[in-house]
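Open the model in the viewer and keep the sequence panel beside it. The tour below goes from one selection to the next.

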Amino acid sequence: MQRPRPPIAPRCAKMGWPMAVDATPSREQGRLAARLRERDPDALREVYERCGRVSFGFLVKALGDRGAAEDVQQQVFLEVWRRAPAYDPERGSLLTWVMTIARSRAIDHARRRVPEPLDPDAAASAAESGSQVESEVEALAERWRMRALLEQLPEAEAALLRLRFYGELTQSEIAAREDIPLGTVKTRMFNGLRRLREMIDAEDEG
Amino acid sequence: MSETRDQISSYLLGELEPAEASAFERRLGEDPALRAEVDGLRPVVARLEQLPEEAWAPPEPPPLQMPADAVEGPAAKPRRAWRGWLSGALTLRPAAAGGLAALLLAIGVATGLLIGGGESVGSQDGGPDLVLNRIDDGPAGAHGDVLLGGDEQHASVELAGLDPTGSDNFYELWLLDDDGRMIALGSFRVGDDGQAEVDLPLPVEPSRYRYFDVSLQQDNGDPAHSGVSVLRGPTSS
C-alpha cells in the first residue's frame, strides 16, 4: 500500500529538511557540550530543540503511550542536564547520546509496567517478562539509530533520502519534483548512503 | 567513476532496467572493489527501508520543563565538596525491622527490574556520583544524586524537584537490595523550593546493597518503609 506522500514540497524546493537538522560539525557540538557543562540553560534549550523531537518520537513508539512518553522525555533531558560533563562529542553526536539515554529510560519505564510479583515464585517469570520488554525496546532503538545518523547528514542529502525512503519517490521523480538534474540526485543519493555507512562504521568501532 | 556511482545508487534502489541490472551484476562479479562498495551500502539501504514511519515524521514534543537548578541562568554552580557528617537537617532513624514481608517483595523484587538501566557518572573530585531517578510515586522533575566520600563511609545527597514536606510527613533515605533487605539511613524535610542537601554517615558499605531509595513517610510512628518511593538509583557505577 502506498504511503501518503509527506507534506514536504515547500521546503524541499530549497532542499531543506522539514525538521531540526543536526548536521553540525563536532566542533559546534563540542561548544554546545561545553556550554552545558557550564550550566547554561540556553544550551539545554538548544539541545532540546535539536534532539527533542526525535527522542520523543522514539519514546512514543517504544512506550505506546504519549502521556508516559512525555513524562520520560522530561526525565531524559533532566538527565542530559545533569550528565552533561559525561558527554564527549568525539565519541558520538549529541543526538546519539540523547537517544542512548532515552533508550535506557524507556527500558526502565517499560520494565516498571511489568506486574510486580507478590509471590516469590513469580519473580523469575517477571524477570523474563522484563527481559523481553528490554529486547523489544533495544530492537526499536537500533532501528531509530539510523534516524539519529540521518540528522547528521548535509541537508541536501538527507532531504533526498527522505523523499526516496519516506516519500517513496524514484530518483527520476525526485529530480522532476525538485527541479534538479537526475545526475545530481544520484550523486547526492550515493554520497548520503556512503556517509551513513561511514557513520555506522565509526559508531561500531567506537 | 561518476557513472559508476550513479549506477550503484540506482542498482541498490532497484531502479535499473533488467538489462542494465544484469550488466551491472556482471561487473560486480568481475570487480571485487565495486562489489565491496555495493555490499557495504546494501545494509544501509535495508536499514533506511526498515526505519519506522514515525521516525521520518516524529510528533511534536512537549515543551521542555527546565530543571529546577537551570531556571536562573548560568549558575557556574561549584561542585559539592564533602561537608562532613550530619551537617544538613538530618536525623537518623533506626532501621526498619519487621512487618515488611509484602514490602520486601513489592519493592525488593521490583527494584531489580526497575533500575538496571540506570547509569552513573564519575565525579571529578572523588568517589562516584550516583544518579537517583524519579520512580512511579515521585513528582515530575524530581531528581537527585549521591556523592560518596572516598572511603565510602559518608554520602552527600542532593535532591531537587520534590514536593515540599508538611507537618505530617517527611522523606527517608534507604539502602535497598533485590532480596528486600533495607537500611534506613536518615530522615529529612523539604522546603518550598523542593530541594534538600543532606550529608550522612553510611553504617555499611553501600555496595553491599543495590539501590539508594528515597521514600515519602507519614509521621505515624511506623519506622517501616512506607512503600511510597519517589527516587531510586544504583549504589555503584
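In which loop of chain A does A:Arg39 lie? Select A:Arg39: it sits in the loop between α2 (26-37) and α3 of chain A, where helices (DSSP H or I runs of at least four residues) and strands (E runs of at least two) are numbered from the N terminus. The model is predicted, so local features need pLDDT of at least 70 and side-chain atom pairs count only at pLDDT 80 or more, while totals for chains, interfaces and linings use all residues. Residues are numbered from 1 along each chain as its sequence is written, chains are lettered from A and ligands numbered from 1 in the order in which they are written, and side-chain values use heavy atoms, with hydrogens and water left out.

A:Arg39 is not a glycine, yet its phi is positive, about 65°. With 15% relative accessibility, A:Arg39 counts as buried; buried means under 20% relative accessible area, exposed over 50%, and partly exposed in between, with a 1.4 Å probe and protein chains only.

Next select A:Asp179, in the loop between α8 (171-178) and α9 of chain A. A:Asp179 also has a positive phi, about 60°, without being a glycine. Its relative accessible area is 70%, and A:Asp179 is exposed.

**Salt bridges**

Across all chains there are 22 salt bridges, each being a side-chain nitrogen of Lys or Arg within 4 Å of a carboxyl oxygen of Asp or Glu. Begin with A:Arg103 and A:Glu138, whose closest N and O atoms are 3.6 Å apart. This pair links distant parts of the chain, 35 residues apart: A:Arg103 is in helix α5 (residues 94-112) and A:Glu138 in helix α6 (residues 122-150), both of chain A. A:Arg103 is partly exposed at 27% relative accessibility, and A:Glu138 is partly exposed at 29%.

Move to B:Glu37, which forms a salt bridge with A:Arg194 at 3.0 Å between the closest N and O atoms. B:Glu37 belongs to helix α3 (residues 32-50) of chain B and A:Arg194 to helix α9 (residues 182-205) of chain A, so the pair joins two chains. B:Glu37 is buried at 13% relative accessible area, whereas A:Arg194 is partly exposed at 31%.

A:Arg197 counts as buried, at 18% relative accessibility.

Then show A:Arg35, A:Asp40, A:Glu46 and A:Arg50, which are linked in a network of salt bridges.

**Nonpolar cores**

A nonpolar core is a set of buried Ala, Val, Leu, Ile, Met, Phe, Trp, Tyr and Cys residues joined through side-chain atoms within 4.5 Å. The largest has 80 residues, and those with the most contacts inside it are A:Phe58, A:Phe77, A:Val80, A:Leu196 and B:Leu48. Helix α3 (residues 41-63) of chain A gives the most to this core, eleven residues.

Centre on A:Val80: beyond residues up to four places away in sequence, it touches A:Leu36, A:Leu44, A:Val47, A:Trp97, A:Val98 and A:Ile101, a contact being heavy atoms within 4.5 Å. A second, separate core of 26 residues includes B:Tyr171, B:Leu173, B:Leu175 and B:Tyr209.

**Chain B as a whole**

Finally, colour chain B by secondary structure: it has five helices and nine strands, in the sequence pattern α-α-α-α-α-β-β-β-β-β-β-β-β-β. Of its 237 residues, 51% count as buried.
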